[in-house]
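Q: Please take a close look at one helix in this model. I would like to know how it is built and what packs around it.

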Amino acid sequence: MDAVKPWRHVFKLDPERELADDALEAVCMSGTDAIMIGGSSGVTYENTVDLMSRVRRYELPCVLEVSDLEAVVPGFDLYMIPMVLNTADSAWTTGRHRQAIERYSYLIPWETLVPEGYIVLNPDSTVAKLTQAETGLSPAAAEACAHVGSKLMKLPIIYVEYSGTFGDLQLVEQVRRASGEARVFYGGGIRDAQTAAQAASVSDTIVVGNIIYDHLTKALETVEAVHYK
Ligand code: 1GP
C-alpha cells in the first residue's frame with residue numbers, strides 16, 4: 001500500500017486515554033508521519049469519533065487500527081486491519097474478519113484497507129493475552145511468521161508488536177530480513193530518542209504509544225531521532 005511507504009514514524013493514540021488539546025497539538029505538529037488511533041481495549045464508537053475529529057484539525061494522515069467492529073468510524077484516511085500471525089486461534093487471523101465482512105461487505109471501502117501481519121511478542125500485553133499469542137518464539141519461528149505474512153499472504157506490513165516493553169532488536173532485524181517486500185513496523189517500549197533511533201535502525205517504521213501519555217517531551221524527541229538525524 002503506497003500510502004504507508006514514506007512513513008518512518010507514527011504516533012499511536014488510544015481513544016480511551018485523556019490527552020489535553022495542547023498535548024494533542026504538539027503530537028500532531030511534531031513532524032510525525034501519521035497518527036494511528038487504536039487500542040486493545042476500551043475503544044468505543046464515541047471515543048473514536050471524538051479523537052478523530054480532534055486530530056482532523058491537523059493536516060497529517062489519520063488512520064484507524066480496527067480492533068472492535070463496534071468502533072469502526074467512517075472518515076479515516078486508512079483502516080489498518082491486524083491479522084495475528086502467531087496465534088493458534090484463527091479468530092484473530094481471519095475469523096473475526098470473515099464475520100465482519102459477512103455482515104458489512106456492502107459498507108467496506110476496500111481501497112482504504114491495509115492488512116497488517118502482527119507478530120505479538122510481549123506476553124504481558126493486553127493484545128497477547130486477548131489473542132493468546134505464542135509470544136515465546138525462537139528467531140527461526142519469528143522468521144517463519146514473517147515469511148507466512150509477507151510471502152504467502154503477501155501482506156504489505158509485518159508489525160512486530162512488543163506493546164509495553166522494548167523488544168529484542170536482533171529478532172526484529174531477522175524478521176525484517178525475512179519480510180521481503182513488506183514494510184516492517186516496530187512498536188513497543190520506545191520511550192526516548194535513543195530507543196527510537198535503535199528501533200528505527202532495524203525496522204521501516206516505528207510506532208510510539210504509551211510515552212505520549214507518560215512523558216510528552218520524551219515522546220516528541222522520538223520524532224527528531226528518526227527524521228532529523
Ligand atoms: C502499541 O506498538 C504500539 O500498539 C506502541 O507500543 O505503547 O509500548 O509505545 P508502546
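A: A residue is buried when its relative accessible area is under 20%, and exposed when over 50%. The model is a predicted one.

Start with helix 9. Its buried residues are Ala219, Thr222, Val223, Ala225 and Val226. Seen down the axis of helix 9, these residues fall within an arc of 165°, so they line one face of the helix. The general rule is that an α-helix has 3.6 residues a turn, so residues three or four places apart point the same way.

Next, the length. Helix 9 covers residues 216-227, which is 12 residues.

What covers the buried face? The cover of the buried residues of helix 9 includes strand 1 (9-13) and strand 8 (205-208). Helix 7 (193-201) and helix 8 (211-214) are also among the covering elements.

The buried residues of helix 1 (residues 21-28) are Ala23, Leu24, Val27 and Cys28. Down the axis of helix 1, they fall within an arc of 130°, so they too line one face of their helix. They pack against helix 9, and also against strand 1, strand 2 (34-37), helix 2 (45-55) and helix 8.

Now some sites elsewhere, for context. Leucine 152 belongs to helix 5 (residues 139-152). Its relative accessibility is 68%, so leucine 152 counts as exposed. Together with Val148 and Met153, Leu152 makes a nonpolar surface patch of about 260 Å².

Threonine 135 sits in the loop between helix 4 (126-131) and helix 5. At 19% relative accessibility, threonine 135 counts as buried. Beyond its neighbours within four places in sequence, threonine 135 contacts Asn86, Val120, Leu121, Asn122, Pro123 and Ala128.

Glycine 167 lies in the loop between strand 6 (157-161) and helix 6 (169-178). Its relative accessibility is 16%, so glycine 167 counts as buried. Leaving out neighbours within four places in sequence, glycine 167 touches Tyr162, Tyr186 and Gly188. Isoleucine 157 is 10 residues from glycine 167 in sequence, and their C-alpha atoms are 18 Å apart.

Terms used. Residues numbered from 1 in each chain as written. Predicted model: local features only at pLDDT ≥ 70, side-chain atom pairs only at ≥ 80, totals over all residues. Heavy atoms only, no water. Helix = DSSP H or I, 4+ residues; strand = E, 2+ residues; numbered from the N terminus. Expected span 1.5 Å × (residues − 1). Buried < 20%, exposed > 50% of the residue type's maximum accessible area, 1.4 Å probe, protein only. Arc of directions from axis to C-beta. Contact = heavy atoms within 4.5 Å. Patch = residues over 30% accessible without salt bridge, like charges linked within 9 Å, V, L, I, M, F, W, Y side chains within 5 Å. Areas by Shrake-Rupley, 256 points an atom, 1.4 Å probe, with all protein chains shown as cover. Salt bridge = Lys/Arg side-chain N within 4 Å of Asp/Glu carboxyl O.
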